[in-house]
Amino acid sequence: GANHPTPTISTHVLDAELGAPAAGVRVTLYRLADDGRPLRLTQALTDDDGRVRDLLERPLTAGDYRLEFGFGSGGFFEKLSLDLHVTDVSRSYHVPLLRSSFGLTTYRGS
């Protein structure tokens, strides 16, 4: 409706070792087809505050999505893929990621 903002899929990546936002992390959003095949929707780099404010860039539809975080080579974790199941298309989805050299933590934020 007119009072509700358009739903988004967003993320915030924090580097727990540095105690600072993780800028420049490549984040890719895929829509998973019925056969499980990932169809790339958008790709962005986290900003100076470690955020990508909206990866969707189109109306949110129910179904399965994949968020992929690319950290580059050289570290223990080079990539993280998270598959999300979206049922409520009236709300936004925020998926923060806390990273360090040997640990990753994520959750559904608000």
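This is a predicted model: local features need pLDDT of at least 70, side-chain atom pairs count only at pLDDT 80 or more; totals for chains, interfaces and linings use all residues.

How many positive and how many negative side chains does the protein chain have, and how far apart do the centres of the two sets lie? There are 12 positive and 14 negative ones, with the two centres 3 Å apart. For the count, Lys and Arg are positive and Asp and Glu negative, while His and the chain ends are not counted; each charge is placed at NZ of Lys, CZ of Arg, CG of Asp or CD of Glu.

Two notes before you click on. Residues are numbered from 1 along each chain as its sequence is written, and side-chain values use heavy atoms, with hydrogens and water left out.

**Whole chain**

Switch to cartoon: you get 0 helices and 10 strands (DSSP runs numbered from the N terminus, H or I of at least four residues for helices, E of at least two for strands). The C-alpha trace spans about 40 × 35 × 20 Å along its principal axes. A compact globule of 110 residues would have a radius of gyration near 13 Å, and the 14 Å of the protein chain agrees with that (taken over C-alpha atoms; the rule is 2.2 Å times the number of residues to the power 0.38).

Now put a surface on. The accessible area is about 6,600 Å², 50% of it from carbon and sulfur atoms (Shrake-Rupley, 1.4 Å probe; for residues, only the protein chains shown count as cover). Of the 110 residues, 37% count as buried (under 20% relative accessible area; exposed is over 50%, partly exposed in between; 1.4 Å probe, protein chains only).

Centre on Leu67. Beyond its neighbours within four places in sequence, Leu67 is in contact (heavy atoms within 4.5 Å) with residues including Leu29, Leu55, Leu80 and Val95.

Next, pick Leu82 in strand E7. Leu82 counts as buried at 16% relative accessibility, and its C-alpha is 5.5 Å from that of Arg66, 16 residues away along the chain. Among the residues Leu82 touches are Tyr65, Phe69 and Thr106.

**Over to E1**

Thr11 sits in strand E1. Buried or exposed? Buried, at 1% relative accessibility. Show what Thr11 touches: Val27, Gly50, Phe69 and His94 are among them. Draw a C-alpha distance to Arg108 too: 9.7 Å, across 97 residues of sequence.

**The E5–E6 loop**

Last stop: the loop between E5 (51–52) and E6, where Glu57 is found. Glu57 has a positive phi of about 60° although it is not a glycine, and at 63% relative accessibility Glu57 counts as exposed.

Asp54 is in this loop between E5 and E6 as well, but it is partly exposed at 34%. Which residues does Asp54 touch, not counting those up to four places away in sequence? Thr8 and Ile9.
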